[in-house]
Amino acid sequence: MAGRYAPGPRPTRTGVRGGHAPTPVHAPVAGHVPVPAQKTAPATGSPDPSRTREWTPPWPLDLGLTLGPLRRGPGDPAFHAAPDGSVWRTSRTPAGPGTLRVAARAGTVRAEAWGPGADWLLDALPALLGADDDPAAFTPRHRLLAATERRRPGLRLTRTGLVMAELIPSILEQKVTTDEAYRAWRLLLRKYGEPAPGPHGGRLYVVPEPRTWALIPSWEWHRAGVDAKRSGTVLRAVRVARRLEEAAAMTPPEARRRLELIPGIGPWTSAETVQRSNGAPDEVSVGDYHLPGIVGHALADRRQAGDEEMLALLEPYAGQRHRAARLILLSGRTPPRRAPRMTPGNIAAL
């Protein structure tokens, strides 16, 4: 969506991030207080033992709204929204690969994790579900946003604490259509990712480690539809993956400056990354093809708005501009598409 190409179909990638979540689960639990983590010991003799944790957030939780931005399209090999309302997600943590299953019932979250990264994932569960977010810092100044906020009390900004897992798919999404980016992510992850631990039926994979990304031959990037510019940016990033991962502990502006030191990573890509890795409430995806027009249409009936006008319209929400954009997307007030649907490119056929 970043870059300048003809408008694609709705929902756009921005739309999905805005809250067209795969499995919305509402669990109103206002007034509850968090309880200590409860981890179980591995089952004796189990070939792939799990760890579990229960946690009661003091707000109405919506798993779909909170975790939906982490899904990179239908068929994402690192994310699965199950029919029972649970969400599965794989991660390469500092402790190793892991799989996390999260379900919310009667106001209580029950999480189960597998693999070497299981404990890390369970420790990070509250932040993943928005515990570090502060919606009270947001004051709606438009009727549309006030109404949307009331309708979506379960919206929290996730914080994964993992930079590379959010950065690489964001690089793949630079200046291409939604379908092209998601297809590349699926193909590369299924071919070079590690089968995820846990009882997921073989549908999930863990993002490759940096060395594996670095060893992907040029023709495989080509087959996945990734041009040399984007693959080159990924290769430059994975060479300094450890330094980039340190950005998860920085303030969002500091994290973005660290990421943008890598040639090929600009404001759009750094914002898309820290929105997820750092739970950044103020980082706006400047350079997005659709977002300025959506914000302009919603707040000023200006569907032709550009980045500068979008930022001016969001200025009253300084400190919370990303949340304001999410609420605009959730409101459903988006301009009708006037241009024909763009035909995705096919680099592999060249």
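Helices (H or I, at least four residues) and strands (E, at least two) are DSSP runs, numbered from the N terminus. What you're looking at is a predicted model, where local features need pLDDT of at least 70, side-chain atom pairs count only at pLDDT 80 or more, and totals for chains, interfaces and linings use all residues. Residues are numbered from 1 along each chain as its sequence is written, and side-chain values use heavy atoms, with hydrogens and water left out.

**Stop: helix H5**

Select residues 143-151, which make up helix H5. Which residues of H5 are buried? They are Leu 145, Ala 146, Ala 147 and Thr 148.

While H14 is on screen, go to Asp 301, in the loop between helix H14 (291-300) and helix H15 (307-314). Asp 301 has a positive phi of about 55°, although it is not a glycine. With a relative accessible area of 57%, Asp 301 is exposed.

**Stop: a pair of helices**

Next, show H6 (164-172) together with helix H10 (residues 228-239). Two packed helices are described by the angle between their axes and the distance between the axes. Here the angle is about 165° and the axes are 9 Å apart. Axes are lines fitted to C-alpha atoms, for helices over the stretch in contact, and angles run from 0 to 180 degrees between N-to-C directions.

From H6 come Met 164, Leu 167, Ile 168, Ile 171 and Leu 172, and from H10 come Arg 230, Thr 233, Val 234, Ala 237 and Val 238.

Now step along to Thr 177, in the loop between H6 and helix H7 (178-192). Is Thr 177 buried or exposed? At 7% relative accessibility, Thr 177 counts as buried. Its side chain joins that of Glu 180 in a polar contact of 2.8 Å (a pair of N or O atoms within 3.5 Å; within protein, one must be able to donate a hydrogen and the other to accept it, and residues adjacent in sequence count only if both atoms are side-chain atoms).

Select strand E6, residues 96-105. Of its 10 residues, 9 are buried, so E6 is largely enclosed by the rest of the structure. Two strands pair if DSSP finds at least two bridges between them. Strand E5 (residues 87-93) pairs with E6 in the antiparallel sense over 7 bridges, and Ser 91 stands opposite Gly 98 in E6. E5 and E6 form a hairpin with 2 residues between them.

E6 also pairs with strand E7 (residues 108-114), in the antiparallel sense over 7 bridges. Find Ala 104: its bridge partner in E7 is Val 109. Then zoom in on Ala 106, in the loop between E6 and E7. Ala 106 has a positive phi of about 50° although it is not a glycine, and at 78% relative accessibility it counts as exposed.

How values were computed
Buried means under 20% relative accessible area, exposed over 50%, partly exposed in between (1.4 Å probe, protein chains only). Contact means heavy atoms within 4.5 Å.
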